[in-house]
Amino acid sequence: NYTIANSQNNWELLNPKPTTQTGIDIEFVSATVGYIITNYQLLETQDAGATWTLKRSLSRTNDITFNGNIGYIVGDSGFVERSLDGGTTWNTVTTNLTYSFNTVTIIDASTIILSSNYRLVKSIDGGITWQSSVIPNTNVEKTFFTSALVGHVISSANEAKILKTIDGGQNWYNTLSISSY
């Protein structure tokens, strides 16, 4: 025997409208203005998250961050966008690199640090030129820099280690390794 049940025919997307894509990262630039990136979208709120609008479509994104009015979005295949006005407008930044960037850190208006699986990419002139260096012996999941010199790397889960630099990424040392059981 089978029982037939009628279900809701008209579903409404509640929040964050207008997308069904999963949010990857969220940043607020003020108490009311904030941004969410999904894989392919930038959403914006002007009312502290009560409502969201599609700001623009993007390439495959992985991270968004702001330092004051300066904002960066990074993603796959060398995708980098920058805002100098708190996210109101965005422009493509040319790095001439095709790495899939997983993290961006804005130290100040001049120093921006990007990371990919095996590389650190740094600009000291506000994103005009970029220098790339290898992060040795690890598959980088995320990076976090507290200054232009001091930074940390979290490796992929199968490597399970944390590295640290105190010279801006020239040298790295292991601060934690977790071995498999």
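In the predicted model, the largest nonpolar core consists of 12 residues: Ile70, Tyr72, Val74, Val80, Val93, Phe101, Val104, Ile106, Ile112, Leu114, Val121 and Trp130. At least two residues of this core are supplied by each of strand E6 (70-75), strand E9 (103-106) and strand E10 (112-115). The largest share, 3 residues, comes from E6. Apart from this core lies another one of 10 residues, including Val33, Leu42, Leu58 and Ile73. In soluble globular proteins, nonpolar side chains tend to be buried together.

Trp130, a member of the largest core, touches Tyr72, Val93, Thr94, Thr95, Ile112, Leu114, Val121, Lys122 and Ser123 when residues up to four places away in sequence are not counted. Among these contacts, Tyr72, Val93, Ile112, Leu114 and Val121 also belong to the core.

Strand E11 (residues 119-123) is largely enclosed by the rest of the structure, because 4 of its 5 residues are buried. A hairpin of 3 residues joins E10 to E11, and the two strands run antiparallel, joined by 4 bridges. Within this pairing, Ile113 stands opposite Lys122 in E11. E11 also pairs with strand E12 (residues 131-134), again over 4 bridges and in the antiparallel sense. Here the bridge partner of Lys122 is Gln131 in E12. Strands of a sheet pair through backbone hydrogen bonds, either parallel or antiparallel.

An open sheet is formed by 4 strands in the order E13-E14-E15-E16, with antiparallel pairing. Its edge strands, strand E13 (140-145) and strand E16 (173-177), each pair on one side only. On average, neighbouring strands of this sheet are turned by 20° against each other, direction ignored. Inside the sheet, strand E14 (residues 151-155) and strand E15 (residues 161-165) run antiparallel and are joined by 4 bridges. Val153 stands opposite Leu163 in E15.

The loop between E14 and E15 contains Ala160. This residue counts as partly exposed because its relative accessibility is 22%, whereas buried means under 20%. With neighbours within four places in sequence left aside, Ala160 is in contact with Ser155, Leu176, Ser177 and Ile178. The C-alpha atoms of Ala160 and Ile178 are separated by 5.4 Å, although the two residues are 18 residues apart along the chain.

Note on methods
Residues are numbered from 1 along each chain as its sequence is written. This is a predicted model: local features need pLDDT of at least 70, side-chain atom pairs count only at pLDDT 80 or more; totals for chains, interfaces and linings use all residues. Side-chain values use heavy atoms; hydrogens and water are left out. Two strands pair if DSSP finds at least two bridges between them. Axes are lines fitted to C-alpha atoms, for helices over the stretch in contact, and angles run from 0 to 180 degrees between N-to-C directions. A nonpolar core is a set of buried Ala, Val, Leu, Ile, Met, Phe, Trp, Tyr and Cys residues joined through side-chain atoms within 4.5 Å. Buried means under 20% relative accessible area, exposed over 50%, partly exposed in between (1.4 Å probe, protein chains only). Contact means heavy atoms within 4.5 Å.
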